[in-house]
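Me: Could you walk me through a few spots in this model, one question at a time?

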Amino acid sequence: MPSSPSPQRQDTGAATAADPLALAASLAERLAASAVERDRAGGHAARERGWIRESGLLTLSVPLEHGGQGASWATVNQAVRILARADSALAHLFGFHHLQLAGIQLYGSELQQRSLLGMTVKQNLFWGNALNPLDRRTRAVALPTGYRLDGVKSFSSGSVGSDWLTVSAWDEAAGASLIAVLPTTQPGIHVEADWDAFGQRQTDSGNVHFDRVHLPTALVLQAPGQAPTPRSTLRSQVAQLVMANLYLGIAQGAFEAARGYTLESSRPWLASGVDDVTDDPYVQHRYGQFWLMLRPAALLADAAGELLEAAFRKGDALSAAERGEVAVAVAEAKVLAHRAAIDIGSQLFELTGARSTSARYGFDRFWRNARVHTLHDPVDYKLRDLGRYALSGRFPEPTPYS
């Protein structure tokens, strides 16, 4: 763990002269052109992942002192949201890449941060994930030079085509997990591209297998049983806010798809008594309801992003109460974004009608993608946490999901 606060971030980085959100918007437009077709096909989007790599946005969250762009977490999450409007699967990969970089900053020593983040910038690395804390099938056995890893990790988003992985493994002797990083091409690591969900079909979230993999001590970010600090537990908040912005982007994308179809293709219902569908008060009413789902979700997501950034800047001075305030803000944002994505993704068809269900539009992908990803962790437990806070001021307990 670093002993001093993180350097202050900027909203526009030194590594590129362009506005990162403008770059994200340009990339989103490029991804949108094939999003429906690729959603239908599933599999690994190698070409499109290459576009993300070429965009320069993989270094967005890397601090300036390590050669990155030093963007705030608010900016990183706005970029996730922009990409998710067009392609939530690729936005997921992008967001989770930055989650792995957050883990290095939160868990890694100063030497590890300098080495791994500097290498990320110099080699333009794309990070993947094999950390699923609920899956303890990957075991770590201590060796004089580090650990031996054996087993499998499920839901390993971004693992296919990644350069490096964040890994967790259960140490039976210590009765706790370790967190580490490894190159994806390390001997004994096999990435299985077997993700077959009905949504988020290009997130490369299959299984990663470990067969007598050597993990050097230098690549262990958090040893088994190491006591967490308020700052180190911010990783779960980075993850949850990435998801909130992913869901919000899906909801906004669904809204824009429905609005575009209504304006260009919809006809007024025979009993409406109007000549233009946009004059139908029931259509206006429903779009008003959609708007009132999106607006508060966006405001809470932006506010949570600013609070997370402020907490990150405090470094080791962050208190448990300050960490708790971030957790409450992120839970609020995630619950509303969850509801907006599910509800708008489903209800849009009641406005666009039967013709809009044609496969060529692919409008069903918004609901499918939201439905699959919002199952990551139960939203009811977010509501429980918020209820406890509302009743007694009790902050959410730090866990990998809260």
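**Backbone, burial and packing**

Reply: Happy to! In this predicted model, Asp 204 lies in the loop that runs between strand 6 (189-192) and strand 7 (207-216).

Me: Is Asp 204 buried or exposed?

Reply: The cut-off for buried is under 20% relative accessible area. Asp 204 has 6% relative accessibility, so it counts as buried.

Me: What is the phi of Asp 204?

Reply: Most residues other than glycine have a negative phi. Asp 204 is a residue other than glycine with a positive value, and its phi is near 50°.

Me: And Arg 212, is it buried or exposed?

Reply: Arg 212 sits in strand 7, and its phi is positive, about 55°, although it is not a glycine. Exposed means over 50% relative accessible area. At 59% relative accessibility, Arg 212 therefore counts as exposed.

Me: Which side chain of opposite charge is nearest to Arg 235?

Reply: Arg 235 belongs to helix 7 (residues 234-264). A salt bridge needs a nitrogen-oxygen pair within 4 Å. Arg 235 is buried and has no salt bridge; at 11 Å, the nearest side chain of opposite charge is Asp 377.

Me: Then which side chain makes a polar contact of 3.2 Å with that of Arg 235?

Reply: Leaving aside neighbours within four places in sequence, the residues in contact with Arg 235 include Leu 99, Gly 103, Tyr 107 and Leu 131. The polar contact of 3.2 Å joins the side chain of Arg 235 to that of Gln 100.

Me: Why do the buried residues of helix 1 line one face of the helix?

Reply: Pro 20, Ala 24, Leu 27, Ala 28 and Leu 31 are buried in helix 1. Looking down the axis of helix 1, these buried residues line one face because they fall within an arc of 105°.

Me: What do those buried residues of helix 1 pack against?

Reply: Helix 1 covers residues 20-32 and spans 18 Å from its first C-alpha to its last, close to the 18 Å expected. Its buried residues pack against helix 2 (35-41), helix 3 (46-54), helix 4 (73-86) and helix 5 (88-107).

Me: Lastly, which residues does Leu 300 touch, not counting those up to four places away in sequence?

Reply: Leu 300 is part of helix 8 (residues 281-314). With 27% relative accessibility, Leu 300 counts as partly exposed. Not counting residues up to four places away in sequence, Leu 300 touches Glu 332, Ala 333 and Leu 336.

Key
Residues are numbered from 1 along each chain as its sequence is written. This is a predicted model: local features need pLDDT of at least 70, side-chain atom pairs count only at pLDDT 80 or more; totals for chains, interfaces and linings use all residues. Side-chain values use heavy atoms; hydrogens and water are left out. Helices (H or I, at least four residues) and strands (E, at least two) are DSSP runs, numbered from the N terminus. Buried means under 20% relative accessible area, exposed over 50%, partly exposed in between (1.4 Å probe, protein chains only). Lys and Arg count as positive and Asp and Glu as negative; His and the chain ends are not counted. A polar contact is a pair of N or O atoms within 3.5 Å; within protein, one must be able to donate a hydrogen and the other to accept it, and residues adjacent in sequence count only if both atoms are side-chain atoms. Contact means heavy atoms within 4.5 Å. The expected span of a helix is 1.5 Å times one less than its number of residues. The arc is that of the directions from the helix axis to the C-beta atoms.
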